[in-house]
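Let's walk through this structure together, step by step. Please have the sequence and the 3D view open side by side.

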Amino acid sequence: MDKPVLSERMQAIEDMVMPGLPVADVGTDHGIIPADILLKGICPYAVLTDINSGPLEKCRENLKAFGVDPSRFSILQGDGFDPIGDGVFGTVITAGMGGELIISIFEETGWSTERKEGVPLARRFVVQPRTHADDLRAYLTGAEFRLCDYKLVKERGRICEVFAVEPCGAGELRSDCGLVSEFLLAKNDPLITEFIDGKIKKAQHIAENASGSDRPDARYAADIWNSVAHQLEEIRKNI
Ligand SMILES: C[S@@+](CC[C@H](N)C(=O)[O-])C[C@H]1O[C@@H](n2cnc3c(N)ncnc32)[C@H](O)[C@@H]1O
């Protein structure tokens, strides 16, 4: 029997899943994360979804090869939260996609902390954006969610951000939309310095490119990005 092999990124996602409650993995592709969750008995049931049929075929084959009990999962095809619209979950995972796509998935379906037709009810959402992570963090924590876990992990030499949000209680809004997450800074993640250094380099690179451009707004853009780099340097100094 084959065994699921999880990268450090996948393991971080699995570690943030609420045990003992059903899990949904939206955009599951290979299905390795929910397969491992089921085999380890972390969750009693899993719904695996993807917008494309090709990944779902591969996913079906993988779960069979891993020997996952077919009565403990459903595989559904559809866009974003559509296939899990009426489900109740401990955790909904949306990983390995662009942050803008994840935002559009939340936007299109909406979310609710109470039972509502067509909207998945989840105690926790675990997200792992490949791009635009800051935008996704600002979007989710500017809405009805607060961060409850955040981890930086390396995959093929690149730092990936994995974070979990839960709906806020009444009067408990916890916006976290700075250049670096307050939650992550407070946690003092082992990769935090390298992570901020990467952000500084990127900001300096954009500022340099802008200052070499003839466009009339380029000087302005260069000033903004130099200021971003400076603010990041200050954050780094205070770690
Ligand atoms: C790079 S894979 C990520 C696989 C897995 N979640 C992970 O983190 O390892 C992204 C998957 O998302 C699926 N996908 C893209 N847009 C989607 C959408 N709107 N709704 C559901 N799945 C989507 C793709 O078909 C693809 O299989």
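Into which domains is the chain divided? Keep in mind that this is a predicted model. The chain falls into domain 1, covering 8-185, and domain 2, covering 192-237. Their C-alpha centres lie 31 Å apart. Where the two meet, 6 residues of domain 1 are in contact with 9 residues of domain 2. On the domain 1 side of this contact, the residues by class are 6 nonpolar, no polar and no charged.

Now turn to the ligand. It is surrounded by 17 residues, and the closest are G27, D29, I51, A95 and G96. Sorted by class, the shell holds 7 nonpolar, 7 polar and 3 charged residues.

Finally, look at the pair of helices α7 (residues 192-211) and α8 (residues 218-237). Two packed helices are described by the angle between their axes and the distance between the axes. Here the angle is about 160° and the axes are 8 Å apart. An angle over 145 degrees counts as roughly antiparallel, and α7 and α8 are therefore roughly antiparallel to each other. The crossing of α7 past α8 is left-handed. On the α7 side, the contact includes I196, I200, A203 and A207, while α8 contributes residues including A221, W225, V228 and L232. By class, this contact has 14 nonpolar, 4 polar and 3 charged residues.

Terms used: Residues numbered from 1 in each chain as written. Predicted model: local features only at pLDDT ≥ 70, side-chain atom pairs only at ≥ 80, totals over all residues. Near = placed C-beta within 6 Å. Nonpolar A, V, L, I, M, F, W, Y, C, P; charged D, E, K, R; others polar. Domains from an automatic or database assignment. Contact = placed C-beta atoms within 7 Å. Axes fitted to C-alpha atoms, helices over the stretch in contact; angles between N-to-C directions. Helix = DSSP H or I, 4+ residues; strand = E, 2+ residues; numbered from the N terminus. Parallel < 35°, antiparallel > 145°, perpendicular 65-115°, else oblique. Left-handed = near helix turned anticlockwise from the far one by under 90°.
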